[in-house]
Amino acid sequence: MPATRILILTAAGRTGMPTALHLLDKGFAVTAFVHREDHRSAYLKSRGADVVVGSLADVGDMRRAMKGVNRAYFCPPNAEGYLKAAAVFTTVASDHRLESVVAMSQW
């Protein structure tokens with residue numbers, strides 16, 4: 001069985017960052033998906049996460065982020081484009097046959 005790698009979407013956000021850091025502390029391999037490179041993505045990288053920069057609504061970005069992943073944490077912002085992001089994530093997650101997904105809503 002391959003090692004568990006978990007994709008954290010919006011990894012620089014309110015719930016994504018603590019989730020990514022907790023999983024890293026527990027020894028899980030984490031791919032942190034962020035919208036842009038900044039001090040938060042640099043911090044995730046310094047803690048051991050593989051950081052992928054991209055758009056939640058871009059199929060190519062999502063495929064790149066999901067490479068080698070078998071679990072995911074999905075908590076997209078409640079903003080314009082949310083439904084497209086959900087559709088892109090669901091399609092790519094299905095193609096990659098993820099073993100589990102945690103889907104959260106915003107605060």
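**Strand 4 and its neighbours**

I looked up I6 first: its bridge partner in strand 4 is R71. Strand 1 (residues 5-8) pairs with strand 4 in the parallel sense, over 3 bridges. I then went to strand 5. R71 stands opposite S100 in strand 5. Strands 4 and 5 run parallel and are joined by 4 bridges. Two strands pair if DSSP finds at least two bridges between them. Helices (H or I, at least four residues) and strands (E, at least two) are DSSP runs, numbered from the N terminus.

I note that this is a predicted model: local features need pLDDT of at least 70, side-chain atom pairs count only at pLDDT 80 or more, and totals for chains, interfaces and linings use all residues. Residues are numbered from 1 along each chain as its sequence is written, and side-chain values use heavy atoms, with hydrogens and water left out.

**The aromatic pair**

How many aromatic pairs are there in the whole structure? I searched and found 1. F74 and F89 form it, stacked, at 4.4 Å centre to centre and 15° between the planes. F74 lies in strand 4 (residues 71-74) and F89 in helix 4 (residues 82-96), so the pair ties together parts that are 15 residues apart in sequence. Rings of Phe, Tyr and Trp (its six-membered ring) pair if their centres lie within 6.5 Å; planes under 30 degrees apart count as stacked, over 60 as edge-to-face and the rest as tilted.

Are F74 and F89 buried or exposed? Both are buried. Buried means under 20% relative accessible area, exposed over 50%, partly exposed in between (1.4 Å probe, protein chains only).

**Helix 4**

I checked the length. At 1.5 Å a residue, the 15 residues of helix 4 should span 21 Å, and the end C-alpha atoms are 21 Å apart, which agrees. The expected span is 1.5 Å times one less than the number of residues.

I listed the buried residues of helix 4: A85, A86, V88, F89, V92 and A93. Seen down the helix axis, they fall within an arc of 165°, so they line one face. The arc is that of the directions from the helix axis to the C-beta atoms. These buried residues pack against helix 3 (59-66), strand 4 and strand 5 (100-103). The face turned away carries the exposed residues L83, K84 and T90.

**Positive phi**

I looked at R97, in the loop between helix 4 and strand 5. Its phi is near 55°, a positive value in a residue other than glycine. R97 counts as exposed at 73% relative accessibility. T10 lies in the loop between strand 1 and helix 1 (16-25), and its phi is near 50°, also positive. Most residues other than glycine have a negative phi.

**R40**

I ended with R40, in helix 2 (residues 39-46). At 26% relative accessibility, R40 counts as partly exposed. R40 touches A12 and M17, not counting residues up to four places away in sequence. Contact means heavy atoms within 4.5 Å.
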